[in-house]
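Hello,

Here is the structure we talked about handing over. Please open it and read the notes below alongside.

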Amino acid sequence: MKLLRYGPQGKEKPGLLDAEGKIRDVTHLVGDIGGEFLSPEALERLRKTNAASLPVIETPVRYGPCVAHVGKFICIGLNYSDHAAESGAKVPTEPILFMKATSAISGPNDEVVIPRESTKTDWEVELGVVIGQPAKYVSEKNALTHVAGYCVINDLSERAFQLEGTGQWVKGKSADTFGPIGPWLVTRDEIENPQNLKLWLEVNGHRYQNGSTSTMIFGVAHLVSYVSRFMSLQPGDIISTGTPPGVGLGQKPPKYLRSGDVIRLGVDGLGEQRQAVVDASNQEIGSATPLD
């Protein structure tokens, strides 16, 4: 199945894409696409539903993030050897883990907002793995049974924030709109082999990234098993599995996003994203009233 969330920001409703490419509403069947509704049992009940009997949603409509209420947004760094090389880093001997704030999550076609003081906002197309049932100390052999499905992720990054200051990578990874996910959560049964998917990204029509998950250093099953050694994985958690070469940092000279740019990216079988790039507003959000 191709599951999705549609509607205005913050008011998304659950849906699915039928065989004819029509969006069908599933609000009366599931609370949302996330949490307990990603369990194997819940997905099986939804799979047995006659899609033709569900209400059709008129398009065009905004696609929201394909997973609701994400608990953890876990990312894997330098998981393609050629990307490590273009970044000037050594190939890791075990997965590099870092977190991305869940407030960075946005819809697949929402605007990407360059944060204030940014000079090096970059792109990264990645395969996203969505957890469907709890995982703790799971073996690599059984790891994929804990996966609900897969999605496209653009792991946007501000390289100066990430690499040139002190502290961890999370600063350069967590700006609002730096985590578009979707358009669909494609259930695991539709993806025969997650290690044989092409992924690509273009900026203003120029293709910068053109890779395959077959060249990952650590595959999906290994990553799920590895992460579950250090923290429990819960339904709705996302693992973003790393990016192939071709990021802006690796261009000669480096090239970064500017207001007016348009990003397109996709992964085989998982759909495409399109984002217009804009500058952050100077408006201060959520400012407190000064104390006397």
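**Aromatic contacts**

W123 and Y208 are both buried (under 20% relative accessible area; exposed is over 50%, partly exposed in between; 1.4 Å probe, protein chains only). This is a predicted model, where local features need pLDDT of at least 70, side-chain atom pairs count only at pLDDT 80 or more, and totals for chains, interfaces and linings use all residues. Residues are numbered from 1 along each chain as its sequence is written, and side-chain values use heavy atoms, with hydrogens and water left out.

There are three aromatic pairs. Rings of Phe, Tyr and Trp (its six-membered ring) pair if their centres lie within 6.5 Å; planes under 30 degrees apart are stacked, over 60 edge-to-face, the rest tilted. F98 and W169 are edge-to-face, because their centres are 5.2 Å apart and their planes at 65°. F98 is in strand β6, W169 in the loop between α3 and α4, 71 residues apart. Helices (H or I, at least four residues) and strands (E, at least two) are DSSP runs, numbered from the N terminus. F98 is buried at 9% relative accessibility. W169 is partly exposed at 25%.

W123 and Y208 make a tilted pair: 4.9 Å between centres, 45° between planes.

**Strands**

β15 (residues 198-203) and β18 (residues 262-267) pair antiparallel over five bridges; pairing needs at least two DSSP bridges. L201 stands opposite L265 in β18. β18 also runs antiparallel to β19 (residues 271-279), with six bridges. R264 has R274 in β19 as its bridge partner. β18 and β19 form a hairpin with three residues between them.

Best wishes
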